[in-house]
Every structure is written in C-alpha cells, then in structure tokens.
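Subject: Structure handover

Dear colleague,

Please find the structure below, with notes on what was found in it.

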Amino acid sequence: MKCEIRIGTRKSELSIAQTMLVADAIRAACPDIEPVLVGRSTMGDKILDKPLLAFGGKGVFVSEFEEALLQGEIDLAVHSAKDMPLELAEGLDILGVLPRGDVRDVLVTMADGPQAIMADRSGSTEPVRIGTSSLRRSIQIQELGSRLWPGRTVICKDLRGNVLTRLEKLESGQYQGIILAAAGLDRLQISKLRKGRYRYRYFTPEEMIPAGGQGILAIEGKKGGPMEPVIARISDRIAMGELQAERQVLKRLGAGCHEPIGVYCRIDAGADDRPAKLTTSGNGKRADMQAGCGCGDRGGSGQQLLLTGIYEKDGVRRRAAVCVDGLWTEGRLEETDRLLAAADRLADKLSGKQ
C-alpha cells in the first residue's frame with residue numbers, strides 16, 4: 001500500500017500545474033509514495049482590489065501554508081520561489097527545488113486590434129498603459145519603453161490576479177500590455193491553448209533582470225522531518241545553488257517589497273559569454289560603467305557563475321554584475337561558500353559599497 005503525502009497548493013490554475021510537476025517528480029523517484037494535493041486560498045488570492053504592499057507583500061501567499069505545515073495539516077508546500085519571504089517560519093526550510101524553468105519576463109499584448117502596440121507605427125504620442133504589480137518590472141519597462149515605443153511614455157498600472165485573470169484584463173482593454181513570467185505562461189501552455197491571440201516580447205535577463213527565484217519551484221517542509229530525504233531525491237543541485245545565491249543578495253540588501261530589486265544567478269558549464277556593459281543611474285542622471293567581474297580568459301574550464309542585479313533605493317538606481325570561474329563542479333561545501341561570497345560582492349556593488 002502506498003504512503004500518501006499531502007502537498008499544499010494555492011487553487012489557481014498555475015499553482016496546481018506547478019504542484020503537479022512536483023507530485024509527478026515524487027512519484028517517479030519514489031513509487032511507494034502517492035502525493036495528494038490540498039488546495040487553499042490565501043489572503044493574497046482573496047484581496048484583489050489592493051496592491052500587495054498594502055497588506056503584507058508577497059509573504060501573504062506563503063504564511064498560511066507555513067501555519068498548515070507546522071500544525072501537521074500538510075506535509076509539503078509548493079511555492080514559486082520568487083514569492084517566498086526571506087525569513088521562513090521557525091522549523092521550516094526550502095527542502096528542495098525542481099530544475100529551473102524559463103527565467104525571462106514577457107510583455108504580452110493583443111495580436112490584433114487597437115491594443116496591438118508592438119507593431120505600433122502610427123506615430124502616436126499617447127502614453128502606453130502597461131499592467132504590472134512589480135516595482136522591479138515597472139522601472140525596467142519604463143527604461144525600455146523609449147526603444148519599444150519611440151516618442152511615447154510608459155505608464156505602469158497595478159495588475160493583480162492569477163495569470164488567466166490578468167490576461168482577461170488585457171483582453172478587456174484595461175491595459176495595452178501586461179508583463180508576466182515566461183515560466184508561468186509555459187507551465188499553463190498559454191501559447192498553445194490560446195494560439196494566435198497574443199503577441200509575446202521575451203526580454204533577455206540582461207534587458208530585464210528577473211526577480212530572485214524566478215522560474216524556480218521551491219518545496220517547503222519541516223527542517224529535519226521525514227520529507228527531507230524524499231525531496232532530496234528530486235532536488236536540482238544547480239537550481240538550488242542559484243536560488244541560494246539570489247536569496248543571499250536579497251538578505252544582504254535587506255530587500256523587502258518597497259524597493260525595486262532584481263537579481264539573477266546563472267551557473268553555466270563552459271560558457272564563453274561575458275556580462276554586457278552595465279549602467280548606473282540615479283536621480284535621472286545616467287553614467288556608463290563596466291562591471292568589474294574579473295572573469296579573465298574563460299577557456300571552457302568547467303562551470304562559471306554569473307550574478308547580475310538591479311536595485312533602486314533613495315532615488316539611486318544601480319546595476320552590477322559579478323562572475324567567478326570554476327564553481328559547482330561537484331557541489332562541495334567550499335564551492336557553496338564561494339557562491340555565497342560572490343552574492344555578497346554583488347550586494348555590496350548594488351548598495352554602493354564597492
């Protein structure tokens with residue numbers, strides 16, 4: 001007889017699809033275990049007429065599951081890692097992660113009709129209305145707007161709700177474009193299910209630096225509990241290392257929901273690409289800078305770590321990068337130490353200490 005484990009999930013289509021990925025991975029690795037999904041609606045799902053900042057930030061999607069874990073009502077909880085607070089409830093931990101999905105942000109517009117702004121050649125000077133509830137996305141799309149829509153300004157309006165609700169708001173004309181995570185669109189197979197309805201403009205991680213943890217599914221449970229060895233069997237070492245580094249930067253900066261911040265870690269094998277020239281801006285003034293990453297000649301020598309970030313505080317916006325050769329060949333403890341040290345260096349650059 002199979003042993004059942006209860007996995008907590010929000011009730012949105014995307015949350016269920018993501019939790020099913022974890023459930024399938026557990027079944028494949030542990031045939032004697034049968035995952036059972038337990039759906040819950042969080043405060044963040046219920047209050048859609050206010051910005052998240054008005055009632056607790058991203059943590060409102062997690063806290064109720066943490067209480068259920070501590071009370072023994074569920075055995076695991078699956079979250080989008082970018083939604084997780086930096087401090088978890090005492091006794092809980094991220095036990096593992098699945099291989100990382102697409103990290104990119106996507107601008108979605110209507111394929112046809114008056115909202116099809118991607119092909120706008122009308123010479124209009126009307127502002128472009130973009131829907132996003134993310135300060136990180138807002139500052140970056142406003143920077144990119146002059147290239148996407150010459151002669152037009154970008155106005156960002158708050159956008160709440162699950163992915164399908166957000167797409168419905170786009171279709172109703174409330175926004176001319178909305179920004180979503182590519183991983184969510186992929187997991188819901190939106191381009192297949194709604195073929196031809198939208199246009200997609202995928203931003204590279206250099207154009208729009210993602211949120212820490214974007215594209216990663218985190219599995220939360222009791223530290224040292226019976227689920228820990230089960231999740232260890234399905235956890236992806238590289239994605240976990242990337243998440244550790246990104247969360248380390250966020251912790252070092254003390255970043256909450258009130259400052260725009262993006263951070264992205266990439267661990268590559270034999271990559272030859274180098275970070276592009278980066279820009280620091282503050283108080284409306286811009287100054288080009290070359291990020292000092294000290295990569296040297298790469299020559300395909302094992303794996304490399306690249307960390308990039310954007311952070312704005314007190315009217316000063318900084319972009320920075322750090323890269324290190326020879327990390328994560330075997331995932332040893334000293335490699336983890338170097339990974340976190342690189343994250344500390346990036347945090348110092350973003351805070352202006354370097």
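Which residue in E8 is the bridge partner of Val106? The bridge partner of Val106 in E8 is Leu180.

First, the conventions. This is a predicted model, in which local features need pLDDT of at least 70 and side-chain atom pairs count only at pLDDT 80 or more, while totals for chains, interfaces and linings use all residues. Numbering runs from 1 along each chain as its sequence is written, and side-chain values use heavy atoms, with hydrogens and water left out.

Strand E8

Helices (H or I, at least four residues) and strands (E, at least two) are DSSP runs, numbered from the N terminus. Buried means under 20% relative accessible area, exposed means over 50%, and partly exposed is in between (1.4 Å probe, protein chains only). In a regular strand the side chains alternate between the two faces of the sheet. In E8 both faces are covered: Gly177, Ile179 and Ala181 are buried on one side, Ile178 and Leu180 on the other.

Strand E5 (residues 105–110) runs antiparallel to E8 and is joined to it by 4 bridges. Strand E6 (residues 128–131) pairs with E8 in the parallel sense over 2 bridges; here Ile130 has Gly177 as its bridge partner in E8. Two strands are taken to pair if DSSP finds at least two bridges between them.

The open sheet

An open sheet of 5 strands has the order E2-E1-E3-E10-E4, with mixed pairing. Strands E2 (33–40) and E4 (92–97) stand at the edges with a single partner strand each, so one side of each has no neighbour in the sheet. On average, neighbouring strands of this sheet are turned by 35° against each other, direction ignored. Axes are lines fitted to C-alpha atoms, for helices over the stretch in contact, and angles run from 0 to 180 degrees between N-to-C directions.

Strand E1 (residues 3–10) and E2 run parallel and are joined by 8 bridges; Gly8 stands opposite Val38 in E2. Helix H1 (residues 13–29) packs on the sheet and touches E1, E2, strand E3 (76–80) and strand E10 (217–222). The direction of H1 makes about 165° with that of E2. Contact means heavy atoms within 4.5 Å.

Aromatic pairs

The whole structure holds 2 aromatic pairs. Rings of Phe, Tyr and Trp (its six-membered ring) pair if their centres lie within 6.5 Å; planes under 30 degrees apart count as stacked, over 60 as edge-to-face and the rest as tilted. Tyr198 and Tyr200 are edge-to-face, at 6.3 Å centre to centre and 75° between the planes. Tyr200 and Tyr202 are tilted, at 6.4 Å and 40°. The ring pairs link Tyr198, Tyr200 and Tyr202 into a cluster. Tyr198 is buried at 5% relative accessibility, whereas Tyr200 is partly exposed at 25% and Tyr202 is partly exposed at 28%.

Whole chain and confidence

The protein chain has 10 helices and 15 strands. Of its 354 residues, 52% count as buried. Its average pLDDT (the predictor's confidence in each residue, from 0 to 100) is 84, and 80% of the residues score at least 70. Over residues 270–301 pLDDT stays under 50. Where pLDDT is low, the predicted coordinates should not be read in detail.

Regards
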